[in-house]
Amino acid sequence: MARERVTAARALCMRGYLLTALFSVWINLIYGINIQLIPKNPVVNQSVTLRVSGVSGAILSFSWYGGLSDDDNMFLILTYNLSSYPVEKRGPLYIPGARGLPDGSLKISKLSTAYRGIFTVGIQAESFPTKGSIYLPVFELLTKPVISIASGQPEEYKEVTLLCSFRSDTARVFWSRLDGIIPSGVIYRANSRTMTIPRFSQSDAGQYQCEAENPISKNISEPYTLSLYYNRPQSNNCTAITVTIICGSILGTVFIICATFLLYKKYVTGINRVEVTAGQSVDRGMDPSQIYDNIPNTAGVQFAKKESEYTGLQHPTQNTYNEMKR
């Protein structure tokens, strides 16, 4: 089924090139001349010849224009006249590296993607004037495509868009899925460079690839794994953080209560062990009057002064000396 879709898409894209080619052939049939591209698929930085054939009689002069018109000098690329000198003159729309050939052809060296478009030649021949047009495509060698997601994390039942990026603007793009078929209802935009799944679900998860192709080359991307994003882990993280904060708060409160209790107990024990007298302690619950009753009242008491043993030696009486004389 997937292969059939790819084949159908390729056929549809080929129609654009065929219509352009048929348009050129139709123009040339009307005016009786033929213009071919040599080579058939011009490449960037290479040369191409817009070869003219089928002209009746000898060519006297011709002019190449950018676009379909051959009578507006604003779009003139160059004029080639065998009877003038120099035989070739450049116009306002001259392309660097372009030159006319005697048979009415135009050769362009070192092509650029800016040269893509329709070219028209007007020829003056001995028989009658004629003209013809051709579309010039310019192709690039395709780089390896890279798939990226353009709509953030793929959530369930939300829109998911994949982007296929590569360096070219003329290639056809085809999408495939390695482990299944492309989901139904997908939307392709920007020449199929983007693929949008309107309602992404688990069944749409898998490995996707995009392939870019033009007439001269093709390249395919590495598989891109598209998986469903769940925001449940983020919710679990928030729950874990909340639980941690609550537990920390509880532990902090318990620590403060324990520290306060220990300090209070130490303070109460110190009060109950107040020293009343040396070597004596009294319980805090004792009546204060009993404490002071044990302390002797020394107020107003006069202690008798003890006479020194040497007092009698300080003032000997006369009788003492009289005794010594005897």
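Residues are classed here by relative accessible area: buried means under 20%, exposed over 50% and partly exposed in between, with a 1.4 Å probe and protein chains only. The model is predicted, so local features need pLDDT of at least 70 and side-chain atom pairs count only at pLDDT 80 or more, while totals for chains, interfaces and linings use all residues. Residues are numbered from 1 along each chain as its sequence is written, and side-chain values use heavy atoms, with hydrogens and water left out.

The chain holds 5 helices and 19 strands. Of the 326 residues in the chain, 29% are buried. The accessible surface comes to about 21,900 Å², and carbon and sulfur atoms hold 58% of that area. Areas come from the Shrake-Rupley method with a 1.4 Å probe; for residues, only the protein chains shown count as cover. Contact means heavy atoms within 4.5 Å. Among contacts in the chain with a separation of 6 or more, 56% join residues 24 or more positions apart.

A nonpolar core is a set of buried Ala, Val, Leu, Ile, Met, Phe, Trp, Tyr and Cys residues joined through side-chain atoms within 4.5 Å. The largest such core has 24 residues. Its members L50, W64, L106, I108, F119, V121 and L136 touch the most other members. Two or more residues come from each of β1 (34–38), β2 (48–53), β3 (59–66), β4 (76–81), β7 (106–108), β8 (117–125) and β9 (130–136). A second, separate core has 20 residues, including L162, A171, M195 and A212. Beyond its neighbours within four places in sequence, L136 contacts L37, P42, V48, I108, L111, Y115, R116, G117 and F119.

Five strands form an open sheet in the order β5-β4-β3-β8-β9, with antiparallel pairing. Two strands pair if DSSP finds at least two bridges between them. The edge strands, β5 and β9, each pair on one side only. From one strand to the next, the twist averages 15 degrees. For such angles, axes are lines fitted to C-alpha atoms, for helices over the stretch in contact, and angles run from 0 to 180 degrees between N-to-C directions. Within the sheet, β3 and β4 pair in the antiparallel sense over 5 bridges. S63 stands opposite T79 in β4.

Rings of Phe, Tyr and Trp (its six-membered ring) pair if their centres lie within 6.5 Å; planes under 30 degrees apart count as stacked, over 60 as edge-to-face and the rest as tilted. The count by this rule is 1 aromatic pair. F62 and Y80 form a stacked pair, 4.9 Å centre to centre with 10 degrees between the planes. F62 lies in strand β3 and Y80 in strand β4, so the pair ties together parts 18 residues apart in sequence. F62 is buried at 2% relative accessible area. Y80 is also buried, at 10%.

Several loops carry backbone features. A cis peptide bond joins I38 and P39, with omega about 0 degrees. P39 sits in the loop between β1 and β2. Another cis peptide bond joins Y85 and P86, with omega about -5 degrees. P86 lies in the loop between β4 and β5 (88–90). The loop between β13 (187–189) and β14 (194–197) contains A190. A190 is not a glycine, yet has a positive phi of about 50 degrees. This residue is exposed, at 53% relative accessibility. S192 is found in the loop between β13 and β14. S192 is not a glycine either, and its phi is positive at about 70 degrees. With a relative accessible area of 22%, S192 is partly exposed.

Technical notes. Helix = DSSP H or I, 4+ residues; strand = E, 2+ residues; numbered from the N terminus.
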